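Please look over the sequence and the fold shown here before reading the notes that follow.

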Amino acid sequence: MLTLNNLSRSFKLQDGSDLKILSDLNLSSSSGESIAIIGPSGSGKTTLLSLIAGLERPTSGQVIVDSLDLNQMSEKKLARFRSSRIGIVFQQFHLMPHLNALENVCLPLWLQKNPEAENLARASLDSVGMSHRTSHHPWQLSGGECQRVAIARAIVTSPALILADEPTGNLDPENAKAISDLLLNLSRVKNISLVIVTHSISLANRCDKKLQLAHGKLQNAVDSALL
Ligand SMILES: Nc1ncnc2c1ncn2[C@@H]1O[C@H](COP(=O)(O)OP(=O)(O)OP(=O)(O)O)[C@@H](O)[C@H]1O
Ligand SMILES: [Mg+2]
């Protein structure tokens, strides 16, 4: 489902030097698997998710999603692939403030000109327990509720892969647990692969694989790395 082959990413700095962030990462994961990525601030976790989402291009190496090499796709094809096969969940939710919950979830389907947008969005909100808040705007929702709407938006296109960047980082422990339950359940029930960047030990421990990103390398996380 997701394969990384010798994936590297550097940034060119103003003085012309290269800042190497990710160095020859390899990963192979099967469909429906959940992977937690942990690592210190600045280790490249968000950069890695951006590469997997095809939002950034690697300096070298490959990202293969659903048997397709993202780097072989044009920007246009990649955008279409991303919007149909990959769901993204952010720590800050990234909901549109001027749209209500239902409209936020409809948005990816409107962009695909899907005539069933409203029905699918209602079903998606229902699956995250938010069908009672469809006409609320983000500023009228709690943090946990905003994250549920963001997850409903991420799954409404039936993606094969969900990428979540610290999805519980802005939530209190109770809501963090509820959102973790929700993501892991969706992954199991709908066979969606999940890559979650998290600082939460309990969430990482509930995933099928725990990987640690440090010094540009991805390794199996030993439990001491989580402490
Ligand atoms: N466009 C860029 N140009 C130069 N350096 C960058 C660029 N984007 C990211 N970096 C650097 O890459 C490193 C990794 O950044 P990234 O955001 O991936 O870290 P992170 O592991 O997600 O950190 P955090 O836990 O704080 O979110 C950082 O040191 C950052 O300064
Ligand atoms: Mg980050």
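Ser 34 touches Leu 184, Ser 187, Leu 194, Ile 196, Cys 207 and Asp 208, leaving aside residues up to four places away in sequence, where contact is taken as C-beta atoms, placed from the backbone, lying within 7 Å. This is a predicted model, in which local features need pLDDT of at least 70 and side-chain atom pairs count only at pLDDT 80 or more, while totals for chains, interfaces and linings use all residues. Residues are numbered from 1 along each chain as its sequence is written, and chains are lettered from A and ligands numbered from 1 in the order in which they are written.

**Ser 34**
- Ser 34 belongs to strand 3 (residues 34-38); strands (E, at least two residues) and helices (H or I, at least four) are DSSP runs, numbered from the N terminus.
- Ser 34 counts as buried because it has 23 C-beta neighbours inside 10 Å, the cut-off for buried being 20 or more other C-beta atoms within 10 Å.
- Although Ile 21 is 13 residues from Ser 34 along the chain, their C-alpha atoms are separated by 24 Å.

- Six strands form an open sheet in the order 6-7-8-3-9-10, with mixed pairing, where two strands pair if DSSP finds at least two bridges between them.
- The edge strands, each pairing on one side only, are strand 6 (86-90) and strand 10 (217-220).
- Strand 9 (residues 209-214) and strand 10 run antiparallel and are joined by four bridges, and Leu 213 stands opposite Leu 218 in strand 10.

Methods: A residue is buried if 20 or more other C-beta atoms lie within 10 Å of its own, exposed if 12 or fewer, and partly exposed in between; C-beta atoms are placed from the backbone. Two residues are in contact if their C-beta atoms, placed from the backbone, lie within 7 Å.
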